[in-house]
Amino acid sequence: MEAERLVGVSRRALAQSRGTPDIIAEAWQAQALAQAIGSRLAADGPKELRGEARGLSEIGGRCGGALDHPAARAGVARAAQLSELVEPRATLTGLGALLGEVGMALVGVACETDEQGLYWQCMEAIDAADESMDRVHGMLRRLDEQDRERQQDLERGGGRDGPYVPYGTIRGPAGSAAGQA
């Protein structure tokens with residue numbers, strides 16, 4: 001499934017979550033998706049995004065164990081359906097929104113629970129979502145900088161790298177996120 005579409009599916013699933021177990025499951029799914037998107041961009045994305053993308057992938061992998069949920073233990077990640085990433089900017093924008101929504105949902109769970117273990121799981125997952133969101137915003141800033149540079153080059157006389165060609169579709173297996181729990 002295309003990355004932007006998969007992010008949309010995850011956002012809808014989180015919005016429809018009812019109760020702590022559903023929210024925990026969707027938070028885990030979001031981090032697995034962040035890991036998969038980060039892996040894909042690190043391997044095949046624009047060169048200027050690869051460092052931040054590797055960081056995003058690593059954060060997603062670290063958080064996977066922070067949330068104790070049957071889907072996490074079974075390794076059944078929606079991210080395993082990731083087949084292509086057509087538009088990095090749109091995907092990253094949607095992923096940033098998803099991570100923000102996950103953080104807010106986890107704050108609600110943490111505030112409502114009396115279980116110390118669940119509270120601290122939520123705190124770790126909130127930190128991971130926040131750190132992932134920082135990486136996503138960093139990549140979006142890099143894309144904006146690149147667009148400004150291209151525009152300036154075009155205004156100066158056509159650009160040094162030839163005509164502007166938007167990023168192509170990034171295809172291939174979902175990467176290591178699919179099999180990790």
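**A chat about helix packing and the core**

Reader: Which side chain does D153 touch, and at what distance?
Author: A polar contact of 2.8 Å joins the D153 and R156 side chains. Such a contact is a pair of N or O atoms within 3.5 Å; within protein, one must be able to donate a hydrogen and the other to accept it, and residues adjacent in sequence count only if both atoms are side-chain atoms. This is a predicted model: local features need pLDDT of at least 70, side-chain atom pairs count only at pLDDT 80 or more, and totals for chains, interfaces and linings use all residues. Residues are numbered from 1 along each chain as its sequence is written, and side-chain values use heavy atoms, with hydrogens and water left out.

Reader: Is D153 buried or exposed?
Author: D153 counts as buried, because its relative accessibility is 13%. Buried means under 20% relative accessible area, exposed over 50%, partly exposed in between (1.4 Å probe, protein chains only).

Reader: Where does D153 lie?
Author: In helix α6. Helices are DSSP runs (H or I, at least four residues), numbered from the N terminus.

Reader: How do α5 and α6 cross?
Author: The axes of α5 (residues 88–112) and α6 (residues 116–157) come within 9 Å, crossing at roughly 160 degrees. Therefore the two are roughly antiparallel, a label for angles over 145 degrees. Axes are lines fitted to C-alpha atoms over the stretch in contact, and angles run from 0 to 180 degrees between N-to-C directions.

Reader: New topic. How many residues has the largest nonpolar core?
Author: It has 42. Such a core joins buried Ala, Val, Leu, Ile, Met, Phe, Trp, Tyr and Cys residues through side-chain atoms within 4.5 Å.

Reader: Which helix gives the most to this core?
Author: α2, with 12 residues.

Definitions and conventions:
Parallel < 35°, antiparallel > 145°, perpendicular 65-115°, else oblique.
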